[in-house]
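Here are my notes on this model. Please keep the 3D view open as you read.

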Amino acid sequence: MSVNLCGITLDNPVIPASGTFGFGYEFAELYDINVLGTFSFKGTTKDPRFGNPTPRIAECEAGMINAVGLQNPGVEKVISQELPRLATCFHKPVMANVSGFAIEDYAYTCEQLDKEEQVGWLEVNVSCPNVHGGGMSFGTSPEAAASVVRAVKAVTTKPVIVKLSPNVTDIVSIAKACEEAGADGISLINTLLGMRIDLRTKKPVIANKMGGFSGPAIFPVAVRMVYQVAHAVNIPVVGMGGVSTAEDVIEMMLAGATAVEVGAANLVNPFACRDIIADLPRVMAQYGIDDLSDIIGKA
């Protein structure tokens, strides 16, 4: 079940996605999180963020919408408080998810986290609004995404995996631009943009009006985009978006994913990733798979 992600071996390809697993130790109270391949911790920014006003979550058929707004204590406290606490219960390299609103933010935060022994990979979320670029996210243009990658690679030594937004016309051109700028891997997809309206109040359910739509409903979109990107780049792809079963993991890997992140499912069932990992051998046997590495991109 082991796979190699950017030079680091994972015991299995299952990774809880950023924003759905906190900093890990909350889940460690429920089960031994060392069964995971790794996990991507809560999106971290240069400065502390309180996040968006409430309500922040709206339920949907086969999914949910959230607009949490990158609430986190800032990179200094993540390093001084969260990582030492995590080290007591997780003994593998962890994936650091980084967000920013200017290129300098990304570079600073990644440079600090790159120094931490526990951090194995830097997952750089380019779905954030570029405050110096009119508010459009860095991930909507190949040039803007590449500029973030170049800035981060200039100050780091660890593998940089760029997390892409699906809210674009041509995700392949953005992935290729990131690869050319030096990215070591690509992860996708981040959430789609969604909205719900309350029929009684006739107002949007979420205070932010719109938010990130995730859950099983987006799985076919995610598989399609993972397939497109994996066949266009020569670096590893981490697939995510609506994954909730061991079968989904196999399907994502056939599409081209080296590892697979599980997001919204963790919010429904805190044991989701543990149960998926436990079920993988059964599904592998059912479909005649001896080694997961053999099926990557074989659809």
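**Notes on the fold**

1. Keep in mind that the model is predicted.

2. Now step back into helix α7 itself, residues 246-255. The helix is mostly covered, with seven of its 10 residues buried. Those buried are Ala-246, Asp-248, Val-249, Ile-250, Met-252, Met-253 and Ala-255. What covers them includes two helices, α6 (219-230) and α9 (272-286). Strands β1 (3-5), β3 (14-16), β14 (237-240) and β15 (259-262) also belong to that cover.

3. Next, the sheet. Seven strands form an open sheet in the order β3-β15-β14-β9-β8-β7-β6, and the pairing is parallel. Its edge strands, β3 and β6, each pair on one side only. On average, neighbouring strands are turned by 25° against each other, direction ignored.

4. Look at one pair in detail. β7 and β8 (residues 160-163) pair in the parallel sense over four bridges. Val-124 stands opposite Val-162 in β8.

5. Which strands does α6 lie across? They are β9 (185-188) and β14, and α6 runs at about 170° to β14. α7 packs on the sheet too, touching β3, β14 and β15. The direction of α7 makes about 135° with that of β15.

6. Finally, check helix α3, residues 103-114. At 1.5 Å a residue, its 12 residues should span 16 Å; the end C-alpha atoms are 16 Å apart, so the two values agree. Buried residues in α3 include Tyr-106, Cys-110 and Leu-113. The buried residues of α3 pack against α2 (75-87), β6 (94-98), β7 (119-125) and α4 (142-153).

Key: Residues are numbered from 1 along each chain as its sequence is written. This is a predicted model: local features need pLDDT of at least 70, side-chain atom pairs count only at pLDDT 80 or more; totals for chains, interfaces and linings use all residues. Side-chain values use heavy atoms; hydrogens and water are left out. The expected span of a helix is 1.5 Å times one less than its number of residues. Buried means under 20% relative accessible area, exposed over 50%, partly exposed in between (1.4 Å probe, protein chains only). Contact means heavy atoms within 4.5 Å. Two strands pair if DSSP finds at least two bridges between them. Axes are lines fitted to C-alpha atoms, for helices over the stretch in contact, and angles run from 0 to 180 degrees between N-to-C directions.
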